[in-house]
Amino acid sequence: MSNFTEKLGIKIEKNPPEDKLTQLGVRQWPKWSCPPSKFPWTYESKETCYLLEGKVKVTPTGENESVEIAAGDFVVFPKGMSCTWDVSVAVDKHYNFE
């Protein structure tokens, strides 16, 4: 049973197993963090990230709905996506650009 969803082009896996994170080397990826804030962002390349902490509402440009991501989520953002990040709980994440 997978906890995998895809919405508005954003792929999310809730609480992936630790062995998957180990296999991908996620814990060795660089880290990025930010306080609660709201800002625009464009993905110049595909980004895979794993949220250690935080809660974010991501709204792709031109969409009326948003995608909520939170601590424990393994997320893939597609290359070329422009969106607004609305961070309600400070984020700490591992990330990897392809």
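## Salt bridges

E13 is buried, with a relative accessible area of 13% (buried means under 20% relative accessible area, exposed over 50%, and partly exposed in between, with a 1.4 Å probe and protein chains only). The side chain of E13 meets that of K20 in a salt bridge with an N to O distance of 2.5 Å, and K20 is partly exposed, at a relative accessible area of 26%. A salt bridge here is a side-chain nitrogen of Lys or Arg within 4 Å of a carboxyl oxygen of Asp or Glu, and a search of the whole structure finds seven of them. This is a predicted model, in which local features need pLDDT of at least 70 and side-chain atom pairs count only at pLDDT 80 or more, while totals for chains, interfaces and linings use all residues. Residues are numbered from 1 along each chain as its sequence is written, and side-chain values use heavy atoms, with hydrogens and water left out.

Another of the salt bridges joins K7 and E65, at 3.7 Å from N to O. K7 lies in strand β1 (residues 4-7) and E65 in the loop between β5 and β6, so this pair ties together parts that are 58 residues apart in sequence; helices (H or I, at least four residues) and strands (E, at least two) are DSSP runs numbered from the N terminus. Both ends are partly exposed, K7 at 34% relative accessibility and E65 at 41%. K93 forms a salt bridge with E47, the closest N and O atoms being 2.7 Å apart. This pair links strand β8, which holds K93, with strand β5, which holds E47, across 46 residues, and both K93 and E47 are buried.

## Nonpolar cores

The largest nonpolar core has 18 residues, and those with the most contacts inside it include V56, I69 and W85. Such a core is a set of buried Ala, Val, Leu, Ile, Met, Phe, Trp, Tyr and Cys residues joined through side-chain atoms within 4.5 Å. Among the elements that give two or more residues to this core are β2 (10-14), β5 (47-60) and β8 (82-97). Leaving aside neighbours within four places in sequence, I69 is in contact (heavy atoms within 4.5 Å) with residues including I12, L51, V58 and F77. A second, separate core of five residues includes V26, W29, Y50 and F74.

## The loop between β7 and β8

P78 is found in the loop between β7 and β8 and is partly exposed, with a relative accessible area of 27%. Not counting residues up to four places away in sequence, P78 touches G9, Y43 and K46.
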